[in-house]
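Please consult the sequence and the model while reading.

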Amino acid sequence: DLIGPLTEAMFHNAMTDLLSLGADMPRLCLNVAAKSLVDRQFATSTLRIMDELGFPADPLEIEIIERDIVTNSERSLLTLTTLREHGIRVAIDDFGTGYSSFLTLRDLHADRLKIDQQFTKHIIGSAADSLIVTKLIEIAHTLGLDVVAEGVESDEVWDLLSSLGCDVAQGYAIARPMPLSDLRPWLAAHTPRRSTRPLAPAAFADRLP
């Protein structure tokens, strides 16, 4: 029963660290466990921490795995709806595995779809994976979601994904997970560049110690 206070501590620390970056603050994406989604106090505690720290809603994104909302979908959807009403974005993580369903895309009203690396890492040599990724990007864009490709480990893969209309890449081709002390100079080196390809440090925020 420590997931509640552990999640609160992680949110507090992550928001504090990102605020310390000032104008270079990137989007903060935090994974949320299934038990947090059904916790009636989760949305309230998240908003309270944001208010105490003065953390804006726009850069905060809650990442959920689709199967985590299956057990108690009504309660989970209510929690996510409350957060979205306060300007917090919601992303469906690891889409394409487990309980993935187009009903979720229709009913959840998420902001972002993250395609699981099981499809993206073999997209160069697999016609089937390439077709699946292409159609997922098309469907997501039609529903107004932006798309993140997970597990991008080479420029060749990201160039192909970019040509298919993928919005953001996450993976070792961009950066490996890093502590905050390394993130500051990394952002300083990359933020001024006006690249045509969005840059995002690989899973920094949801791997905090």
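Two residues are counted as touching when heavy atoms of each lie within 4.5 Å. The model under discussion is predicted.

## Sheet architecture

The sheet is open and consists of 6 strands in the order β1-β2-β3-β4-β5-β6, with parallel pairing. At its edges stand β1 (28–31) and β6 (168–169), each with a single partner strand, so one side of each has no neighbour in the sheet. In general, the strands of a sheet pair through backbone hydrogen bonds, in either a parallel or an antiparallel manner.

Around β4, the pairing can be followed strand by strand. Strands β3 and β4 run parallel and are joined by 3 bridges, while 4 bridges join β4 to β5, also in parallel. Strand β5 (residues 146–149) is in turn connected to β6 by 2 bridges, and this pair likewise runs parallel.

Arg-112 of β4 stands opposite Ala-91, and the bridge partner of Arg-112 in β5 is Asp-146. Leu-113 stands opposite Val-147 in β5. Further along, Val-148 has Val-168 as its bridge partner in β6.

## Strand β4 and the setting of Lys-114

Are the faces of β4 covered or open? Both are covered: Arg-112 and Lys-114 are buried on one side, and Leu-113 and Ile-115 are buried on the other. This arrangement may be read against a general rule: in a regular strand, side chains alternate between the two faces of the sheet.

Lys-114 belongs to strand β4 (residues 112–115). Its relative accessible area is 2%, and therefore Lys-114 is classed as buried, the cut-off being under 20%. The side chain of Lys-114 forms a polar contact of 2.9 Å with the side chain of Gln-170. Leaving aside residues up to four places away in sequence, Lys-114 touches Glu-63, Ala-91, Ile-92, Asp-93, Asp-94, Phe-95, Val-148, Glu-150 and Gln-170.

## Residues with positive phi

Most residues other than glycine have a negative phi. Asp-94, one of the residues that Lys-114 touches, has a positive phi near 55°. Asp-94 is found in strand β3 (residues 89–95). With a relative accessible area of 22%, Asp-94 is partly exposed, because that class lies between the limits of 20% and 50%.

His-109 also has a positive phi, of about 55°, although it is not a glycine. His-109 lies in the loop between α5 and β4. At 52% relative accessibility, His-109 counts as exposed.

## A nonpolar surface patch

Which residues form a nonpolar patch on the surface? The patch is made of Phe-102, Ile-139 and Leu-143, which together have about 270 Å² of accessible area. Phe-102 is located in helix α5 (residues 102–107). Its relative accessibility is 52%, so Phe-102 counts as exposed, the threshold for that class being over 50%.

Terms used
Residues are numbered from 1 along each chain as its sequence is written. This is a predicted model: local features need pLDDT of at least 70, side-chain atom pairs count only at pLDDT 80 or more; totals for chains, interfaces and linings use all residues. Side-chain values use heavy atoms; hydrogens and water are left out. Buried means under 20% relative accessible area, exposed over 50%, partly exposed in between (1.4 Å probe, protein chains only). A polar contact is a pair of N or O atoms within 3.5 Å; within protein, one must be able to donate a hydrogen and the other to accept it, and residues adjacent in sequence count only if both atoms are side-chain atoms. Two strands pair if DSSP finds at least two bridges between them. Patches are made of residues with over 30% relative accessible area and no salt bridge: like charges are joined within 9 Å, nonpolar side chains (Val, Leu, Ile, Met, Phe, Trp, Tyr) within 5 Å. Accessible areas come from the Shrake-Rupley method with a 1.4 Å probe; for residues, only the protein chains shown count as cover. A salt bridge is a side-chain nitrogen of Lys or Arg within 4 Å of a carboxyl oxygen of Asp or Glu.
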